[in-house]
Amino acid sequence: MNTSSSAFSSSSSFTKPNITEDQWILNMRKSIVEHDDEEINKVPVSIFSVPNVLLATNPESYIPQQVALGPFHHWRPEVYDMQRYKLAAARRTQKYMNVSFERIVEVMKKKDEARIRACYHKFIDMSGDALIWMMAVDMAFLLEFLVVYSMKEQGRTPNELVTSAMSHLVDVTGKKLSHMVILRDLVMLENQIPLFLLKTMLEHQNKEVENHSAGETLKTMLTGLYRELSPFQEQELADVNINDCDHILDFFYHMTVPNLKENHNHDSRIEIEREGGHEKESDHPSSKLQRCMSSAGTMFSKTIAGIVWIIRKVIFGKPVRVMVKIPWKIISKLPIIKLLKGPIEEMLENLRGEGAEETKDENGEEKTPTIEEITIPSVMEMANAGILFSPVNGGISDIKFVVETSTLYLPVVKLDVNTEVYLRNLVAYEACVAPGPLVMARYTELMNGIIDTEEDAKYLRERGIVLNQLKSDKEVADLWNGMSKCVKLTKVVHMDKVIEDVNKRYNKTWRVKLSKFMKTYVFASWKILTLLAAMFMLFLTTVQALCSVYSCARVFHQLPEIPGSTGGAE
């Protein structure tokens, strides 16, 4: 795993290997002299390499396995074999062009080369001719692949478009392995092509497009592809302006993540509704009884905690420690007591509460700080506490928790072999470009927080929230649990409010309160009981040692009789 990761992240994955020094100097001169910085600076970087912290977790989800699009992985031998199919697609595309393919390449080189280079955040060490020809051929292959989804979106049968040479790669039913692999490659962050190039090529095609512009045609293609890949089952898709999207993955992100402004307004509306609900509940008699019981429980818990605190202070006060310290050094050297020295001292430290949390792993090395995990109970824990789950045919913005009915609404999500790649690359892209909250990252953290085991995944599947097309419920749990890595900590107001409400409702459940009380004041007291038992055994051992030296029976016989004991016996 580490070997492949390091190999993929090396410069040879996106530049031409074995370049001569003369060619390198020529490229440097052209880059400095011929390119206009003012024009380049107007183009925002939109195609990034995957952050190493994400790439290390699962390289296969970020590195194309069958087809490379763009310069990042063009020269990799594993994907360069697809070049023959790309060239065949370019030859077929040329038949539908109103100008020659070579003419399009010339126009792109003159007008778009600097813009293309500016889209990629790494330096593209290729000549202008090589870069433009590579992009043109990749575009022809990509458009031929996307036409299938354009026709499916229009309700037409795309069988006649799939040639015999491409039949083993492009499958209109989407069941062939090669087709599924290509779908995964299309959504990878490092495998993107700027959409303005695709629109340019569509504008020069003289095929019948039913009076649709190139932008509308491209949007239809990408919408069909989105329906195929998106795990969410939205009834109404977002209306995304194709001109605002930089590449395929950016289009998918705009379709998947709700508008932050609308999301903020939605949060405010929920907050107002909940405040009104609390006002109504405050006048209900049952709410007064609940508040009284809650106050009594709080007072009882504080009383128990105060007693435990006083006991700790008395037992572990400085005078007692000074008195115990001197004889303990002597007694702990006895053969029998020496065996109990370690456990007793460890229990004393744990009971005192002065020990810090574990900072070392099993090998004694310092632990690496982990990304903040969402504090939320698992699905089964919430279900046992009386919290209900309900599916929603929508997206991330439809996640909500209704306090009155104790129901958590989650969007229906379809999990198949493409889902993990889709979600991982959206999270990676969001980390690179999003100026605000990382919505996709927070969603994956939420699902990772509530799904811990296959029982959790099975419960959501039975409730219709998870549509499992994987082999087992365990694979569903592994999918979410494997996506715990995030580039940076993030807060999303809407989802954080849902998490807060779920935790409040969960912690108010009498089962949870009883469980916490038992763990805090009953199960935790075994340390005190063990300590007292050890001290009692120590006392008996001391008495036994003294009695072996002195005649204890003679001492007891010399004790005065208690007056009235004989009369009482009679």
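A polar atom of the side chain of N425 lies 2.9 Å from the backbone nitrogen of L189. In this predicted model, the side chain of N425 also places a polar atom 2.8 Å from the backbone oxygen of S61. N425 is part of helix α19, and its relative accessibility of 0% places N425 among the buried residues. Leaving aside residues up to four places away in sequence, N425 touches S61, Y62, V187, M188, L189 and L249. The C-alpha atom of N425 is separated by 8.3 Å from that of V50, although the two residues are 375 residues apart along the chain.

R424 likewise belongs to helix α19, which spans residues 419–433. With a relative accessibility of 7%, R424 counts as buried. The side chain of R424 forms a polar contact of 3.1 Å with the side chain of T57. A polar atom of the R424 side chain is also found 2.8 Å from the backbone oxygen of G482. When residues up to four places away in sequence are not counted, the residues touched by R424 are T57, N58, S61, Y62, G482 and M483.

G482, whose backbone oxygen faces the R424 side chain at 2.8 Å, is located in the loop that links α22 (473–481) to α23. In contrast to the buried R424, G482 counts as partly exposed, at 32% relative accessibility. A separation of 9.9 Å is found between the C-alpha atoms of G482 and T444, which are 38 residues apart along the chain.

Helix α23 (residues 493–508) packs with helix α20 (residues 439–450) at an angle of about 20°, the two axes being 10 Å apart. The pair is therefore roughly parallel. The crossing in which α20 passes α23 is left-handed. On the α20 side, the contact is made by V439, R442, Y443 and L446, and on the α23 side by M495, D496 and I499. In terms of residue class, this contact of α20 with α23 comprises five nonpolar and two charged residues, with no polar ones.

Helix α22 packs with helix α21 (residues 454–462), and here the axes come within 8 Å and cross at roughly 105°. The orientation of α21 relative to α22 is therefore roughly perpendicular. E454, A457, K458 and R461 of α21 make the contact with D473, K474, V476 and A477 of α22. The residues of this contact fall into three nonpolar and five charged, with no polar residue.

Elsewhere in the chain, helix α11 (residues 195–203) has eight of its nine residues buried, so that the helix is largely enclosed by the rest of the structure. The buried residues of α11 are L195, F196, L197, L198, K199, T200, M201 and L202. The elements that cover these buried residues include helices α6 (83–94), α7 (101–111), α8 (113–119), α9 (128–153), α12 (214–229) and α13 (248–256).

A backbone feature is present at S406, where phi is near 55°, a positive value in a residue other than glycine. Most residues other than glycine have a negative phi. S406 is situated in the loop between β2 (400–402) and β3 (407–411). The relative accessible area of S406 is 8%, and S406 is therefore buried.

For the protein as a whole, 27 helices and five strands are assigned. Of its 570 residues, 42% count as buried. Among contacts between residues at least 6 apart in sequence, 73% join residues at least 24 apart.

How values were computed
Residues are numbered from 1 along each chain as its sequence is written. This is a predicted model: local features need pLDDT of at least 70, side-chain atom pairs count only at pLDDT 80 or more; totals for chains, interfaces and linings use all residues. Side-chain values use heavy atoms; hydrogens and water are left out. Helices (H or I, at least four residues) and strands (E, at least two) are DSSP runs, numbered from the N terminus. Buried means under 20% relative accessible area, exposed over 50%, partly exposed in between (1.4 Å probe, protein chains only). A polar contact is a pair of N or O atoms within 3.5 Å; within protein, one must be able to donate a hydrogen and the other to accept it, and residues adjacent in sequence count only if both atoms are side-chain atoms. Contact means heavy atoms within 4.5 Å. Axes are lines fitted to C-alpha atoms, for helices over the stretch in contact, and angles run from 0 to 180 degrees between N-to-C directions. Angles under 35 degrees count as roughly parallel, over 145 as roughly antiparallel, 65 to 115 as roughly perpendicular and the rest as oblique. A crossing is left-handed if the near helix is turned anticlockwise from the far one by less than a right angle, and right-handed if clockwise. Ala, Val, Leu, Ile, Met, Phe, Trp, Tyr, Cys and Pro count as nonpolar, Asp, Glu, Lys and Arg as charged, and the others, Gly among them, as polar.
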